[in-house]
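The following exercises concern a single protein model. Please examine the sequence and the structure before reading each solution.

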Amino acid sequence: MKKRHRPLVIGNWKMNPPTISAARRLFTTVKEKTSHYNGVDIVIAPPMVFLSEMERIWNGSKKIFLGAQSVHKDTDGAHTGETSIAMLKSLNVKYVVVGHSERRAGGMTDNDVNKSVILVLKNDVYVVVCVGEQSRDMSGNYLSFIEKQVREALKGVTKSKLTNVIIAYEPIWAIGTGKTATSEDAHEMKLFIQKILTDLYGRNYARKIKVLYGGSVKSKNSKSLLNDGMVDGFLIGGASLNAEEFIDIVKKVEKYVNT
Ligand code: PGA
């Protein structure tokens, strides 16, 4: 059997929770209760305003990592309200999510995504590139849409940087809707994305890239997405705000890896 990647589970808190004390509680609980799961990489991407305090609680742990939900595409400059890669690095952020559909909806273009991807990789930070179609059609147009997103995002990315690239397939119709892609949908898309990556970089390099699934991942559907969908982990929104549910997903992922 082909060796699978070490799985990656990312909690994308989006604009939650509403207070710093709730964020402290959530992060502390997740950190403490996942510390014995050794077979999974766990990342929490809190709102920027909470990052510094989460870093204090994180306190150098090797079991859980800090993520950012976005980064500005320029290294510095007059960008009101934005966050630079240097700022994120100074807070020990190891993973940056780029091109989430909620940011693309706010005007982020494929070109912006590409610039951010290059910047993050140049800084030796992992980049989680989000791709996903708005809806599906019988003629398969969504496939060319995904292909374009992947190719544009990775323009100029060299083979030497690929170990720091993660692709998160997040169909927009599944985000926050409770409608999850089936494990067949997820598997089809994983294979399709791997084919694009193979065309771009060759099989051996393409294999280095993890492909995650995101969109209404819950504890109850995580097992089949992992077993049958064959994805390398999850990008989790809603369910990452509930410590118990999130920990349960991590537990299932770990159990899967060890069976
Ligand atoms: P969801 O969000 O799990 O709430 O659907 C996923 C995401 O947007 O990353």
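**Exercise 1.** At roughly what angle do the axes of helix H1 and helix H2 cross?

*Solution.* The model is a predicted one. Two packed helices are described by the angle between their axes and by the distance between those axes. Begin by locating the helices: H1 comprises residues 20–33, and H2 comprises residues 48–58. Their axes approach within 10 Å and cross at roughly 35 degrees. The crossing is right-handed.

Next, identify the residues in contact. H1 contributes Ile20, Ala23, Arg24, Phe27, Thr28 and Lys31, while H2 contributes Phe50, Glu53, Met54, Arg56, Ile57 and Trp58. Finally, sort these residues by class: seven are nonpolar, one is polar and four are charged.

**Exercise 2.** Describe the surroundings of the ligand and its polar contacts.

*Solution.* First consider the shell, which has 13 residues around the ligand. Those that come nearest are Lys14, His100, Glu170, Gly176 and Ser216. By class, the shell contains four nonpolar, seven polar and two charged residues.

Second, examine the polar contacts, for which the cut-off is 3.5 Å between N or O atoms. A side-chain N or O atom of Glu170 lies 2.7 Å from an oxygen atom of the ligand. The backbone also takes part: a polar backbone atom of Gly237 is 2.9 Å from a ligand oxygen, and a backbone N or O atom of Gly238 is 2.8 Å from a ligand oxygen.

Third, consider the surface. The ligand taken alone exposes 280 Å², and the protein buries 97% of that area.

**Exercise 3.** Is the peptide bond from Asn16 to Pro17 cis or trans, and what is the phi of Asn59?

*Solution.* Recall that most residues other than glycine have a negative phi, and that most peptide bonds are trans. The bond from Asn16 to Pro17 is cis, with omega near -10 degrees. Pro17 is placed in the loop between strand E1 (8–12) and H1. Asn59, although not a glycine, has a positive phi of about 55 degrees. Asn59 belongs to the loop between H2 and strand E3 (64–68).

Note on methods: Residues numbered from 1 in each chain as written. Predicted model: local features only at pLDDT ≥ 70, side-chain atom pairs only at ≥ 80, totals over all residues. Heavy atoms only, no water. Axes fitted to C-alpha atoms, helices over the stretch in contact; angles between N-to-C directions. Helix = DSSP H or I, 4+ residues; strand = E, 2+ residues; numbered from the N terminus. Left-handed = near helix turned anticlockwise from the far one by under 90°. Contact = heavy atoms within 4.5 Å. Nonpolar A, V, L, I, M, F, W, Y, C, P; charged D, E, K, R; others polar. Near = heavy atom within 4 Å. Polar contact = N/O pair within 3.5 Å; in protein donor to acceptor, adjacent residues only side chain to side chain. Areas by Shrake-Rupley, 256 points an atom, 1.4 Å probe, with all protein chains shown as cover.
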